Amino acid sequence: MKKISLLLLITSGALLFSSCNKWLDVQPNSQIKASELFKTESGFKEALAGTYTLLTDEALYGKELTYGMMGVLSHEWSTYPTTATGYADDGNYIYTTGTVTQNRIDGIWSKMYEGISNANNILENIDAKNVFTGDNYKIIKGEALALRAFMHFDLLRCFGASYTVNASQPAIPYVTKYTARQTAQLKVGEVAAAILADLLAAKELLKADPVLTGRVVTEGDDNGYLINRQLHLNYYAVEGLLARLYLYMGNFEQAKLSAQAVINSGKFTFSTQKNVIDSVDRCGAPEHLFGLQITNLPQRSINYLSQEGTGIFSLSASQLLTYYESNTDDYRFLYLFKTGTGASADRRYLLKYAAPNSTETYYQNKLAVLKLSEMYYILAECDYHNNQSVLGDINPVRRARGIAAFTTEPTDFRTVMNREYRKEFMGEGQLFYYYKWQNRARIPESDKDLVALKAYIFPLPVSELQAADRASNR
């Protein structure tokens, strides 16, 4: 994706995030540039691409919302950088006294709303323009709606109480306008309803998506614009987000239908074991319902997930063995971690984001945001809730990872699923949200009571509480 200087709110970020302004009450100041950009279809494409690029920032999925802060909060790592990084506070769920941790949380908030503003500017301009060819109007608008929903959803998962614990708790604003007017803070349930509405509208528009229609797209068709659909919020990625959202809301019936729709589509497959063994596919590319392209991802892997880096997240040999239940047949255990050398011989370093042994671009620089295995796990949650067998839900993932399928129903389903999540989503940021969905007080490797500490709810930025007069979300 082209890295562009987004005209919207990105160009004046320093102004927008200062405490003297209300974050969601700042007058947009780029109308002239926006009017120029949105004169052409290519301008809409660039604006959309820029919003995806924003998500790759280290403040978001490029680090903190995957293996960085989220990895520390879920205690996935045995060791992580502590000197001047604030991660020690993160690991103890101390969110309000350390400047670095506060800045990290504020960065998630500000970058996400920056992306939301970009999506809103696309949406406010798209219906007034007759510049689109083929199905591009429907697809670009559908993706912009899906992006707005996706970013609000993860903001809700960070800054809102768990839906099933207290859907009436004040949470975050749901911003649908690119405007100077302050957007009201909504309750958890209200935000979830707004996310659902956007996703359903996006799904309807994305019925024109080639990933659903089967239309073959070549480089000669619109310069190949619709080829790499896994790097966009495509039709099935939206269906997967609906499955995730419905489960979050406790709507097991609809969650199952959406998860089944993704699986039954046959559009996504597990990585072949040969490609994993040969280190051709470290990222699980064919499993991505939605992933991000990060051009310097291998370098970030060196910086943060290797012996050669300086701010390292790693596991001990014994911890890794415990995580994978001493099952050394597991392909993730065998091929997705590197053994340290010398003084670091006991360390194990995650290889998911390292450069693959392949020159094929399909396997390079990709990071999963939503993937196939989660759909199977959502099915398992739904079937367990309905007192049905979960073997057909859990075993496809286990077989794909080279380990034996369960032959009898798990006697302790929740313990099994916590372990499966930890093995499968290592370094991807999903484990913390899974613990939160359970409202689990104690998690492995931590002696803290996360419920008592309100650890599952990030505090709103101080600027929001002071300048925007928000109610406490905790």
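**Briefing: strands, helices and buried residues in a predicted model**

Strand S3 (residues 288–293) is mostly covered, with five of its six residues buried. Buried means under 20% relative accessible area, exposed over 50%, and partly exposed in between (1.4 Å probe, protein chains only). This is a predicted model: local features need pLDDT of at least 70, side-chain atom pairs count only at pLDDT 80 or more, and totals for chains, interfaces and linings use all residues. Residues are numbered from 1 along each chain as its sequence is written, and side-chain values use heavy atoms, with hydrogens and water left out.

**Overall build**

- The protein chain holds 20 helices and seven strands. Helices (H or I, at least four residues) and strands (E, at least two) are DSSP runs, numbered from the N terminus.
- A compact globule of 474 residues would have a radius of gyration near 23 Å; the protein chain has 22 Å, which agrees. That radius is taken over C-alpha atoms, and the globule rule is 2.2 Å times the number of residues to the power 0.38.
- Along the principal axes, the C-alpha atoms fill a box of roughly 60 × 55 × 50 Å.
- Of the 474 residues, 60% count as buried.
- Among contacts between residues at least 6 apart in sequence, 69% join residues at least 24 apart. Contact means heavy atoms within 4.5 Å.

**Surface and charge**

- The protein chain exposes about 18,300 Å², and carbon and sulfur atoms supply 50% of it. Accessible areas come from the Shrake-Rupley method with a 1.4 Å probe; for residues, only the protein chains shown count as cover.
- There are 48 positive and 49 negative side chains, and the centres of the two sets lie 1 Å apart. Lys and Arg count as positive and Asp and Glu as negative; His and the chain ends are not counted. Each charge is placed at NZ of Lys, CZ of Arg, CG of Asp or CD of Glu.

**The S3–S7 pair**

- Five bridges join S3 to strand S7 (residues 366–371), and the two run antiparallel. Two strands pair if DSSP finds at least two bridges between them.
- Glycine 291 has alanine 368 of S7 as its bridge partner. For leucine 292, the partner in S7 is leucine 367.
- Six of the six residues of S7 are buried, so S7 is largely enclosed by the rest of the structure.

**Tyrosine 61, beside the pair in contact terms**

- Tyrosine 61 sits in the loop between helix H3 (41–55) and helix H4 (69–73). At 4% relative accessibility, tyrosine 61 counts as buried.
- Beyond its neighbours within four places in sequence, tyrosine 61 contacts Leu55, Thr66, Met112, Phe150, Asp154, Leu292 and Leu367.
- Tyrosine 61 and valine 369 are 308 residues apart in sequence, yet 7.9 Å apart in space, C-alpha to C-alpha.

**The three-stranded sheet**

- An open sheet has the order S4-S6-S5, with antiparallel pairing. Strand S4 (315–316) and strand S5 (337–339) stand at the edges, each with a single partner strand, so one side of each is left without a neighbour in the sheet.
- Two bridges join S4 to strand S6 (residues 347–350). Leucine 315 has arginine 348 of S6 as its bridge partner.

- Serine 301 lies in helix H13 (residues 297–305). Its relative accessibility is 4%, so serine 301 counts as buried.
- Setting aside neighbours within four places in sequence, serine 301 contacts Ser306, Leu350, Tyr353 and Ala354.
- Eight of the nine residues of helix H19 (residues 430–438) are buried, so H19 is largely enclosed by the rest of the structure. Among them are Phe432, Tyr433, Tyr434, Tyr435 and Trp437.
- Just after H19, asparagine 439 takes a positive phi of about 55 degrees.
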